[in-house]
Every structure is written in structure tokens, then in C-alpha cells.
Amino acid sequence: MKALKTLAKRALTADAPYAALRARALRGKPVTLLTYHTLGADDEDFDAWTVLRRGDFLAQVERLRSDYDIVSLDDALSGTASNKLQAVLTFDDGHNGWHEHLLPIVEREALPVTLYVATGHVHSGVPYWFDAVVNAVQTAEPLTLDTGDAGLGRITLNTERGEANWLRISALLEAMKALQPAARDALAERIVAATVGHRRPRHDALTPLTVAQMRELARSRWVTIGSHSHGHQLLDRIGIDAARDSIAQSLALLAEWTGRVVTHFAYPNGNYNAELAAALPGLGLASAVTTNKGLWRRDGSRFELPRINVGRFDDAARWRLNLLG
Ligand SMILES: [Zn+2]
């Protein structure tokens with residue numbers, strides 16, 4: 001099955017069918033928004049789809065620039081003229097890789113980026129539960145977790161490395177998202193406690209930015225700052241008032257830290273509904289990105305902008321195909 005899929009993908013990316021697919025997907029010059037999370041060092045052995053190697057990111061930027069103008073989100077939304085197709089690079093959450101790896105690239109390459117910051121973990125300096133778990137399970141030896149009361153059974157990680165391992169880690173995260181918050185937090189704490197002293201040397205790629213790093217990022221002329229809520233809650237599940245409060249709190253903190261008025265938003269985990277989207281203009285927001293896969297056509301809603309997710313384990317062929325939405 002896997003071999004068949006690989007074959008099908010190869011056939012699709014072979015030049016003639018790919019060109020036809022591409023011509024159809026890009027008719028009318030839609031805007032391509034890409035979703036990244038953070039960057040890590042090339043030699044850092046970290047199994048998380050959200051941590052792209054710095055060198056892979058640079059190679060993607062170079063390939064993109066042959067076909068696209070990489071523009072700011074404001075330029076893309078305002079329809080600023082461009083002969084080429086337009087692409088917007090977005091990053092979610094707010095990890096220290098933005099400061100260590102991304103900012104030097106942005107400055108050197110004059111590269112516009114939009115950074116959606118979940119302000120809670122930057123403010124507290126404490127990773128959200130899901131980042132704490134991903135950091136914690138980066139152990140040198142295979143790891144067996146007994147999830148006990150949480151009822152997720154015994155989970156074994158790190159017997160293989162790379163994408164196969166990430167699929168197991170992300171299945172654990174998805175199962176944990178379905179737990180009650182108290183049970184989920186207790187399990188996350190147990191996983192963190194169980195792996196202390198067993199982790200590989202660089203196991204902290206998902207550490208939050210500091211406020212000082214945040215300020216420095218915001219001083220770059222190439223950086224647009226957006227909000228990603230305060231607590232990274234699943235906003236369609238906590239009630240509209242709590243969702244509004246979380247967004248308003250993040251907007252206030254971002255204004256205080258950066259001196260900028262923030263008008264762009266990213267739904268945490270891509271969770272939203274019609275009521276939430278309709279509430280955003282009242283909070284001073286002008287756009288919102290989703291995790292819906294696709295390209296943005298100018299007649300589409302500005303509060304449901306589709307994006308294309310990019311991760312550590314996408315090879316060049318998968319990436320090229322994904323770019324078509
Ligand atoms: Zn996020």
C-alpha cells in the first residue's frame with residue numbers, strides 16, 4: 001500500500017501530469033499561505049513534525065522564490081500587484097527557534113514572515129502541555145509509558161526514529177486532547193517526570209520565546225506579529241466569551257510587548273466555528289488563518305484563510321505537491 005502511494009505520488013510529480021495539475025490549481029493566481037511552527041539546527045536529533053531543520057527551510061525559500069514573490073500578509077490581503085504568484089510564510093505558537101534560527105535568516109534574506117504568538121507560554125515561560133510532552137519524550141533509549149488512570153494503555157516510543165516515531169508521538173497527543181483537562185495535565189506531568197535524566201542532549205526545541213526575544217523579533221521590518229490566543233485553547237469548545245477573553249488578553253500583551261497594533265489571528269489547532277469567526281472584527285482583527293488545506297482566492301473569507309502545512313518529514317516531492325493545495 002505504501003509502495004503504491006509512493007508510486008502514485010511519483011507519477012503525479014512527473015512533469016507532464018504535474019504541470020496540468022499545477023496549471024489548474026494556480027488558475028486565477030490564488031495566494032499560497034504556508035504554515036510552519038519552528039526551526040531547529042540541522043544536526044539536532046528531534047522527532048517532531050513541527051521542528052523543521054534550518055537548512056531544509058532555506059532550501060524551500062530558495063525553491064519558492066523561483067516561482068513566487070514571498071510577500072507580507074498585508075500585501076497579500078490588499079492585493080498589492082505582483083507579476084509572480086504570491087506566497088506568505090506564517091509561523092505558529094512562539095518557540096525560541098524563531099529567535100535563534102529564523103530571525104537571522106529573515107534579516108539576511110529580507111524575508112517577510114508572519115508570526116502568530118500564543119502569549120500564555122511566552123508570559124509564563126512554561127511550555128504548554130503538548131510541547132512539554134514532545135520535549136520530554138525525546139529520550140535516548142526506547143521509552144514505555146504506562147498511562148494509568150488516563151486509560152490510554154501502554155505506549156512505546158523511540159523504538160524507531162524519524163517520521164514513524166513522530167506518528168506515534170502525535171497519536172499520543174491526539175488521545176490526550178480528548179481527555180478532561182485535569183486528567184490530561186496530570187498525565188503530561190507524569191510523562192515529564194518519568195523522562196527526567198533520560199533525554200537526549202538537545203531536547204528543548206519546543207521551549208517558549210522570552211519576552212525580550214519577542215521584542216527583538218517585533219523590531220524587524222520583515223516581521224508581522226499576529227495573535228494565536230493566550231492559552232492556545234481549542235476556542236470552539238470553551239464558549240464564545242472565554243474565547244473572546246483569550247484573544248483580547250493576547251492582543252493586549254502583544255501590544256504591550258511590541259508597541260504594535262495586532263490585526264491578524266490564527267485559530268489554535270485550527271479550531272473555529274461561524275460564531276467565533278464573526279466575533280473577530282469586533283476585537284479589531286482583520287484576518288484569521290485556519291488549518292484548512294488550500295489556496296486563498298480573493299473572493300474567499302478573510303477570517304477563514306486556508307493554509308498549507310509544512311513539516312520536518314516532508315520531502316521535496318511531497319512539498320511540491322502540497323503547494324498546489
Ligand atoms: Zn498552535
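Which residue forms a salt bridge with Arg-65, and how far apart are the closest N and O atoms? Glu-109 is the partner, with the closest N and O atoms 3.3 Å apart. A salt bridge here is a side-chain nitrogen of Lys or Arg within 4 Å of a carboxyl oxygen of Asp or Glu. By this rule the count comes to 14 salt bridges.

This is a predicted model, in which local features need pLDDT of at least 70 and side-chain atom pairs count only at pLDDT 80 or more, while totals for chains, interfaces and linings use all residues. Residues are numbered from 1 along each chain as its sequence is written, and side-chain values use heavy atoms, with hydrogens and water left out.

- Glu-109 counts as partly exposed at 27% relative accessibility, and Arg-65 counts as partly exposed at 28%.
- For these labels, buried means under 20% relative accessible area, exposed means over 50%, and partly exposed lies in between (1.4 Å probe, protein chains only).
- Glu-109 also forms a salt bridge with Arg-108, where the closest N and O atoms are 3.5 Å apart.
- Arg-108 counts as exposed, at 53% relative accessibility.

**Other salt bridges**

- Between Asp-314 and Arg-318 there is a salt bridge whose closest N and O atoms are 3.0 Å apart.
- Asp-314 is buried, with a relative accessible area of 11%, whereas Arg-318 counts as partly exposed at 22%.
- A network of salt bridges links Asp-45, Asp-47, Arg-161 and Arg-200.

**Zinc site**

- The zinc ion has as its protein donors Asp-93 (OD), His-228 (NE2) and His-232 (NE2), which lie 2.1 to 2.2 Å from the ion.
- Donors are N, O and S atoms within 2.8 Å of the metal (3.2 Å for Na, K and Ca); water is not among the atoms, so sites may look incomplete.
- The spacing of the donor residues in sequence is D-x134-H-x3-H.
- His-228 counts as buried at 1% relative accessibility, and His-232 is buried with a relative accessible area of 12%.
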